[in-house]
Amino acid sequence: MRSKQILRLLVLIVILAAVLYPLFWMIGTSFKSQEEIASNIGLFPENFTPHNFVEGWNKFDEPFGRFFLNSALVASLTVVGNTVSCLLAAYALGRLRFRLRGFWFAIMIGTLLLPGHVLIIPQYILFRTLGWVGGDFPYLPLLVPHFLATEAFFVFLMVQFMRGIPRELDEAAVIDGASSYSVFRHVVLPLSRPALVTTAIFSFIWTWNDFFRQLVYLSDLKDYTAPVALTLFIDSTSESSVGPMFAMSLLSLVPVFLFFVAFQRLLVEGINTSGLKG
C-alpha cells in the first residue's frame, strides 16, 4: 500500500514539473541578458540580470504601468458587466415564467456554437457605425456587450445554478407578499453567490489575458492593455527585446495569480455547485 502511495506521489510530481516548467523557464529567462537567452536554454541564468524589468517598464513612451491600469480597468468593468447582466438574464430564464422562454433559452445556448472569430467582423462594422471605434473612450466595444448579457456561457452557468435552488423558497416569499423583484433581491441573489464568484473570476482571467479583441479595437499606444503592449517588444524591423518582454510577461501574470489565489476557495465551491462537475 505504501509503495502505491509513493508511486502515485512521484507521478504527480512529474506531472506538476512538466506543467510548471514553462513558467519556471520564463522566470529564469526574464533574468538573462539578450545574448544569454540565445545561448542558454536552461532554467537558471548564468549572469543574473534584473535590468530587464527596468528596461521593459520604461521601454516605450508610456510606462508599462499605464498598460496595467488599462487592463485593470477593462477587466474590472467586464467583471461588473458580466455578473450583473448575466445574473438578471439567468433569473428571467431560470425562475420566471413567460411565453417562448424555452425558445429564447435555446437561442442563447445556440450562440455558444458560434466561434468568436466569426463574429468579430460584423461586430466591428456595427461598433464602427456607432462611432465607438477610435473614439474618446475606445474601450466601449470591449465593455458594452458584457453589460448586455452576451456571454451565454455565464448565463447558462447561472441558470443551471438557479435551477438547483428550491422553488419552495420563491413560493413562500410570494405568499408573504413579495414581488418578483423582492424574490430576486432577498432569495435568489444571496443564494447565487458561488455562481457570481465563479463568473467574476473567469471574467477577470479571460479578459486580462484577452489579446485578439483588444488588438482589433485599440489603436493608440496610451490605450493599449498589457497583452497588446507585450507585442511591441517583438519588432520585425529592428532588434527584438526578448528579455524585457519576458520580464513584463512575468509581471503580467501576477494580477491573475493573486486574483485566483484570493478567490480559489469560492471558485471551487462555485464550480461544484453550478452544474460543472467533471
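Contact here means heavy atoms within 4.5 Å. In this predicted model, residues 24 or more positions apart account for 70% of the contacts with a separation of 6 or more. The protein contains 15 helices and zero strands. Its C-alpha trace spans about 75 × 65 × 30 Å along the principal axes. Of the 278 residues, 38% count as buried. The accessible surface comes to about 16,300 Å², and carbon and sulfur atoms hold 68% of that surface.

Two packed helices are described by the angle between their axes and the distance between the axes. For helix α4 (residues 64–95) and helix α11 (residues 193–209), the angle is about 145° and the axes lie 8 Å apart. The crossing of α4 and α11 is right-handed. On the α4 side, the contact is made by Phe 68, Ser 71, Ala 72, Val 74, Ala 75, Thr 78, Val 79, Asn 82, Thr 83 and Leu 87. Helix α11 contributes Leu 196, Thr 199, Ala 200, Ser 203, Phe 204, Thr 207 and Trp 208. By class, ten of the residues in this contact are nonpolar and seven are polar, with no charged residues.

The largest nonpolar core has 39 residues. Within this core, Phe 64, Phe 233 and Met 248 touch the most other members. Two or more residues each come from α4, α6 (116–129), α7 (140–143), α11, α13 (226–230) and α14 (242–262). The greatest share is that of α14, which gives eight residues. A second, separate core holds 23 residues, among them Cys 86, Met 108, Ala 173 and Leu 196. Leu 196 also belongs to the contact of α11 with α4 described above.

Most residues other than glycine have a negative phi. Leu 100 is placed in the loop between α4 and α5 (101–110). At a relative accessible area of 54%, Leu 100 is exposed, because the cut-off for an exposed residue is over 50%. Ala 149, likewise not a glycine, has a positive phi of about 55°. Ala 149 is found in the loop between α7 and α8 (152–162). The relative accessible area of Ala 149 is 22%, so this residue is partly exposed.

Technical notes
Residues are numbered from 1 along each chain as its sequence is written. This is a predicted model: local features need pLDDT of at least 70, side-chain atom pairs count only at pLDDT 80 or more; totals for chains, interfaces and linings use all residues. Side-chain values use heavy atoms; hydrogens and water are left out. Axes are lines fitted to C-alpha atoms, for helices over the stretch in contact, and angles run from 0 to 180 degrees between N-to-C directions. Helices (H or I, at least four residues) and strands (E, at least two) are DSSP runs, numbered from the N terminus. A crossing is left-handed if the near helix is turned anticlockwise from the far one by less than a right angle, and right-handed if clockwise. Ala, Val, Leu, Ile, Met, Phe, Trp, Tyr, Cys and Pro count as nonpolar, Asp, Glu, Lys and Arg as charged, and the others, Gly among them, as polar. A nonpolar core is a set of buried Ala, Val, Leu, Ile, Met, Phe, Trp, Tyr and Cys residues joined through side-chain atoms within 4.5 Å. Buried means under 20% relative accessible area, exposed over 50%, partly exposed in between (1.4 Å probe, protein chains only). Accessible areas come from the Shrake-Rupley method with a 1.4 Å probe; for residues, only the protein chains shown count as cover.
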